[in-house]
Amino acid sequence: MAKKVITFGEIMLRLAPEGYYRFVQAENFGATYGGGEANVAVSLANYGFDAKFVTKLPKHEIGQAAVNSLRKYGVDTTDIVRGGDRVGIYFLEKGASQRPSKVIYDRAGSSIATATTADFDWKKIFDGADWFHFTGITPALNDEVANICLEACKAAKEAGLTISCDLNYRNKLWSKEKAGQVMGEICKYVDVCIANEEDAADVFGIKAANTDVTTGTVNHEGYKDVAKQLADRFGFQKVAITLRESLSANDNNWSAMLYDGNDYYFSKKYKMHIVDRVGGGDSFGGGLICACLNGYDAQATIEFAVAASCLKHSIEGDFNMVSMDEVAKLAGGDGSGRVQR
């Protein structure tokens, strides 16, 4: 029987100009759906897990379209609460060369932001589940949603689930001070912490020495110290840190590190030419959860997670549309990109 994973957060309507058009040039916007925890659920469904996404969405057709976008990939949507008036929107302008991508949010007053702790029966939702995942984006929405996340973590812990959190700091949603305060309480219940080059510094003031994300400089020893400080402060069983060396909007070097409380494991490094980087971190989280639930050793776990997220950067949209076999092939060393026939 497939392992069961629950994710909780906001799914949004993504509106993006065609290709590399700027917002001010665009006459048409392509519509897709995505969001941190929803993206993880789709990845895990594609890997054969019983993946359930929990949120609150309006009853109207746009809300239903968001639900359908998950159902088509096999995600369980039965515990999505219906209510409120709107689906959150984000606009994406894809960067190119030295011009960065831009995101503009239009999510104030979305259905999930109107949710209350009474909307979710976590004991029922977690029945038979093995893992619970959320990101730091969700408690950033407002104090009530932060309380929902905290209640979910307490219920998941009581039910014996493994809990993972991607810190995912967003400065357009809350301040560093507020993030540190709220996430500091929630992270007491977390077993597996996922972060990137900046999250630990922004949320908890833990910085990697001799590292500058704007110049693409990554210091492995500094990240070892960051991971150990995070684990020591919160008791995390595992800390995974993605290491993005941004050469331009189109070209990044991509790798990661996993700390298991004893040793540090670094993945191979991929030189990526990016098609769409939104959802890259979520695909890493999905790969990490998949590898952990399949009992991979630490080195194989970090290799699988990085390979999964590397492939996501080649795929349009938020969702990582890859199979276990495709990820395993890249993790095993076949990154040639040769035509398969």
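**Close-up A. Ile315 in the loop between helix 9 and helix 10.** In this predicted model, local features need pLDDT of at least 70, side-chain atom pairs count only at pLDDT 80 or more, and totals for chains, interfaces and linings use all residues. Residues are numbered from 1 along each chain as its sequence is written, and side-chain values use heavy atoms, with hydrogens and water left out. Helices (H or I, at least four residues) and strands (E, at least two) are DSSP runs, numbered from the N terminus. Ile315 is buried, at 16% relative accessible area. Buried means under 20% relative accessible area, exposed over 50%, and partly exposed in between (1.4 Å probe, protein chains only). Not counting residues up to four places away in sequence, Ile315 touches Val275, Asp276, Asn320, Met321 and Val322. Contact means heavy atoms within 4.5 Å.

**Close-up B. Packing of helix 9 (residues 298–312) on helix 10 (residues 324–331).** The two axes lie 8 Å apart, at an angle of about 110 degrees. Helix 9 is therefore roughly perpendicular to helix 10. Helix 9 contributes Glu303, Phe304, Ala307, Ala308, Cys310 and Leu311 to the contact, and helix 10 contributes Met324, Glu326, Val327, Ala328, Leu330 and Ala331. By class, the contact has 10 nonpolar, no polar and two charged residues. Axes are lines fitted to C-alpha atoms, for helices over the stretch in contact, and angles run from 0 to 180 degrees between N-to-C directions. Angles under 35 degrees count as roughly parallel, over 145 as roughly antiparallel, 65 to 115 as roughly perpendicular and the rest as oblique. Ala, Val, Leu, Ile, Met, Phe, Trp, Tyr, Cys and Pro count as nonpolar, Asp, Glu, Lys and Arg as charged, and the others, Gly among them, as polar.

**Close-up C. The second largest pocket, with a volume of about 340 Å³.** Its lining has 12 residues; Leu311, Lys329, Asp334, Gly337 and Gln340 lie nearest its centre. Helix 10 supplies the largest share of this lining, three residues. The lining divides into four nonpolar, four polar and four charged residues. On a 1 Å grid over the protein atoms alone, a pocket is an open set with protein on both sides within 12 Å along at least five of seven lines, a cavity is a set of points where a 1.4 Å probe fits but cannot get out, and lining residues have an atom within 4 Å of a point. Grid points are joined across faces, edges and corners, and a volume is the space filled by probe spheres set on the points.

**Close-up D. The largest cavity, holding about 80 Å³ of space.** The structure has two cavities of 30 Å³ or more. Residues lining the largest cavity include Tyr20, Lys94, Asn250, Val275, Asp276 and Arg277. Six nonpolar, three polar and three charged residues make up this lining.

**Close-up E. Buried residues of helix 5 (residues 176–186).** Ala179, Val182, Met183, Gly184 and Ile186 are buried. Their cover includes strand 9 (131–135), helix 4 (143–158), strand 10 (162–166), helix 6 (199–204) and helix 7 (220–234).

**Close-up F. Positive phi at Asn168 and at Ser97.** Asn168 has a phi of about 40 degrees although it is not a glycine. Asn168 sits in the loop between strand 10 and helix 5 and is buried, at 8% relative accessible area. Ser97, also not a glycine, has a phi of about 55 degrees. Ser97 sits in the loop between strand 7 (89–93) and strand 8 (102–106), and is partly exposed at 36% relative accessibility.
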